[in-house]
Amino acid sequence: MDQRNTVLSEITIQNGLIADGNQKLNPCTKVINLRVRTAIPGIVDNHNHIVLLGTRPGHDIRLETAASISDVQAMIRARVATVPAGAFITALGDWNVKQFAEKRVPTLAELDAATPKNPVLINGSGTVANSLAKTFFEAKGITVSPTGVIANADFLSRVLKK
């Protein structure tokens with residue numbers, strides 16, 4: 001990968017690094033024909049993060065960089081600007097309440113303030129929903145507290161199977 005996002009039809013790798021194509025090849029060089037497939041240097045994912053991200057329900061947001069609940073709200077607002085009203089906004093995993101200044105999950109009211117037109121589900125170090133998501137989950141038999149907290153850890157797999 002370079003600053004211009006160059007796409008090449010062939011590359012030479014010497015000692016684990018992409019080498020200058022004009023370089024004399026080692027006699028033990030192994031040629032691999034990808035047969036039109038794409039190789040992306042530098043990505044080693046032995047437990048399918050790419051697949052997991054691609055199968056997340058709803059329109060996913062990543063909360064790893066949020067330092068406060070207001071940051072979470074801003075991320076939700078930014079995502080809402082790119083999706084239709086009524087579409088689920090989700091943040092599943094890869095965050096912890098300890099990263100937020102408030103040291104707690106956002107409340108139903110705080111999520112409602114970020115978007116009154118989209119259901120929101122945040123699941124990871126605590127699980128919370130806004131009003132629209134609360135209505136959705138309660139219709140599926142999932143108990144949601146008045147503050148939006150969902151205590152049952154296996155609720156998502158149950159809902160997705162229905």
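The protein has five helices and six strands. The model is predicted. From the N terminus, its elements run β-β-α-β-α-β-α-β-β-α-α. Of its 162 residues, 31% are buried.

**Overall picture**

- The protein exposes about 11,000 Å². Carbon and sulfur atoms supply 57% of that area.
- Take the contacts between residues at least 6 apart in sequence: 52% of them join residues at least 24 apart.

**The sheet**

- Four strands form an open sheet. Their order is E3-E4-E5-E6, and the pairing is mixed.
- Which strands stand at the edges? They are E3 (59-60) and E6. Each has a single partner strand, so one side of each is left without a neighbour in the sheet.
- Strand E5 covers residues 120-124, and strand E6 covers residues 126-129. These two strands pair in the antiparallel sense, over four bridges.
- A hairpin joins E5 to E6, and the link is one residue.
- Two pairs of residues show how the strands line up. Asn-123 stands opposite Thr-127 in E6. Leu-121 has Ala-129 in E6 as its bridge partner.
- In a regular strand, side chains alternate between the two faces of the sheet.

**Helix H2 and the sheet**

- Helix H2 lies across E3, E4 and E5. The helix runs at about 130° to E5.
- Ala-74 has its place in H2, which spans residues 69-80. Ala-74 is partly exposed, because its relative accessible area is 41%, between the cut-offs of 20% and 50%.
- How far apart in space are Ala-74 and Ala-114, C-alpha to C-alpha? The distance is 7.1 Å, although the two are 40 residues apart in sequence.

- Most residues other than glycine have a negative phi. Two loop residues here have a positive one.

- Val-36 has a phi near 75°, a positive value in a residue other than glycine. This residue is found in the loop between strand E2 (17-19) and helix H1 (49-54).
- Is Val-36 buried or exposed? Val-36 counts as exposed, because its relative accessibility is 86% and the cut-off is over 50%.
- Lys-103 also is not a glycine, and its phi is positive, about 55°. Its loop lies between strand E4 (89-92) and helix H3 (108-114).
- Lys-103 counts as exposed too, at 53% relative accessibility.

**Aromatic pairs**

- How many aromatic pairs does a search of the whole structure find? The search finds four.
- Trp-95 and Phe-100 form a stacked pair. Their centres are 5.6 Å apart, with 20° between the planes.
- Both partners are buried: Trp-95 has a relative accessible area of 7%, and Phe-100 has one of 0%.
- Why is the pair of Phe-136 and Phe-137 edge-to-face? The planes of the two rings stand at 80°, and an angle over 60 degrees counts as edge-to-face. The ring centres are 5.1 Å apart.
- Phe-136 is partly exposed, at 32% relative accessible area, whereas Phe-137 counts as buried, at 2%.
- Ring pairs also bring in Phe-88, which is linked with Phe-136 and Phe-137 into a cluster.

How values were computed. Residues numbered from 1 in each chain as written. Predicted model: local features only at pLDDT ≥ 70, side-chain atom pairs only at ≥ 80, totals over all residues. Heavy atoms only, no water. Pairing = 2+ DSSP bridges. Buried < 20%, exposed > 50% of the residue type's maximum accessible area, 1.4 Å probe, protein only. Contact = heavy atoms within 4.5 Å. Axes fitted to C-alpha atoms, helices over the stretch in contact; angles between N-to-C directions. Areas by Shrake-Rupley, 256 points an atom, 1.4 Å probe, with all protein chains shown as cover. Phe/Tyr/Trp six-rings, centres within 6.5 Å; stacked < 30°, edge-to-face > 60°.
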